[in-house]
Amino acid sequence: TVSVFIELSILTSSVSQLERFGQHYAGTGQKVGIRVNPGVGSGGFSKSTTSFSKTNVGGPSSSFGIWYGLMDDGTVPGIVEKYGLTVERIHTHIGSGSDPEIWQQVATKSLSFCKMFPTVTACNLGGGYKVGRNPGEPSTDLQEVGKPVTDAFRTFAEENDGRELRLEIEPGTFLVAMAGALVSTVQDKVFTTGEGGHVFLKLDSGMTDVLRPSLYGAIHPMTILPGTGKSEDVGSEEESVVVVGHCCESGDLMTPESGLPESLAERALRKAEIGDLLVMDGSGAYCAGMSTKNYNSFPEAPEVLVAKDGSVHLIRARQPLEQIYQNELDVEGVF
């Protein structure tokens, strides 16, 4: 018999979580992390650091983390002392913005929380490093963001008898956002006329596969390719179109105005015919994992991995229709 023990790091994100955790592990010195809302955020679609935004997860309009005032007024340190907990990590995450000044401000404030607990060994500043998916759209400059954060950590060490903390970040999106693409078929093409009329490309995919445009008003690069698969059939004529998904849902919109999911926008693409392919790039993060799969009973799409040598590997099979309703149960005597 082989026993494997995996040590998990627990992060508490509210006073009630910390209280309940403390009650369960009272007097044991159990390690715990604390996520703090530093009072400001930085969202990719919002200039404000305090108002609500779907990509802003810090500040008074965000529910994530323990409000920083409860650190300063002694509430959190009091709970830690009462139950004899060992705080090993302070965590903050402010959203998907890229303002270096905000990052420096949050890093400095996060380090002030680390100073409250001599047992803290790591300061986690979360993720949210913006990826420019489209031409001309900037990505986070890690050197620009990193320098003031590095300076803040060095200053902390100098002012605290050489105490060095481990910097942790969560760069998932930054690493893989451009590593995935959604390949769809144009299954219909319709138009409306008059003022406000549009040409619509209707896909065999949509918010069931990539939700970011409908949720955030996110803009993804799109390319039309011939359904024949022949490069000589790639046309040069362009057409302004609105691209929509296959759901019976007006919000299943793949070409919104930037940052405005309620407003549709036209996109200049190669002229498409029914049966052509539309490739949506920048679908490697917060797409398959955040999809509204099974909405309108559409099965989960398959996933294919293209290796460095060009070989193709199926890594997730198309979901069978039966799997969608396999957990549904008959109720006798009701109807």
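This is a predicted model: local features need pLDDT of at least 70, side-chain atom pairs count only at pLDDT 80 or more; totals for chains, interfaces and linings use all residues.
Next, select α1 itself, residues 15-24, and show the side chains of Leu18, Glu19, Phe21 and Gly22, which are its buried residues. These residues lie on the same side of α1, because the arc they cover around the axis is only 165 degrees. Turn to the other side of α1 to find Arg20 and His24, both exposed.

Now go to the aromatic rings. The whole structure holds three aromatic pairs. For one of them, select Phe21 and Tyr25: the pair is tilted, with 4.8 Å centre to centre and 45 degrees between the planes. Phe21 has a relative accessibility of 11% and so counts as buried, the limit being under 20%.

Then select Trp67 and Tyr68. Their ring centres are 4.8 Å apart and their planes stand at 50 degrees, so this pair is tilted. Trp67 counts as partly exposed at 34% relative accessibility, and Tyr68 counts as partly exposed at 25%.

What does Lys109 lie over? Lys109 sits over the face of Tyr68, at 4.2 Å from the ring centre. Tyr68 thus has two entries on this tour: the tilted pair with Trp67 and Lys109 over its face.

Technical notes:
Residues are numbered from 1 along each chain as its sequence is written. Side-chain values use heavy atoms; hydrogens and water are left out. Buried means under 20% relative accessible area, exposed over 50%, partly exposed in between (1.4 Å probe, protein chains only). Helices (H or I, at least four residues) and strands (E, at least two) are DSSP runs, numbered from the N terminus. The arc is that of the directions from the helix axis to the C-beta atoms. Rings of Phe, Tyr and Trp (its six-membered ring) pair if their centres lie within 6.5 Å; planes under 30 degrees apart count as stacked, over 60 as edge-to-face and the rest as tilted. A charge sits over a ring if NZ of Lys or CZ of Arg is within 6 Å of the ring centre and within 35 degrees of the ring normal.
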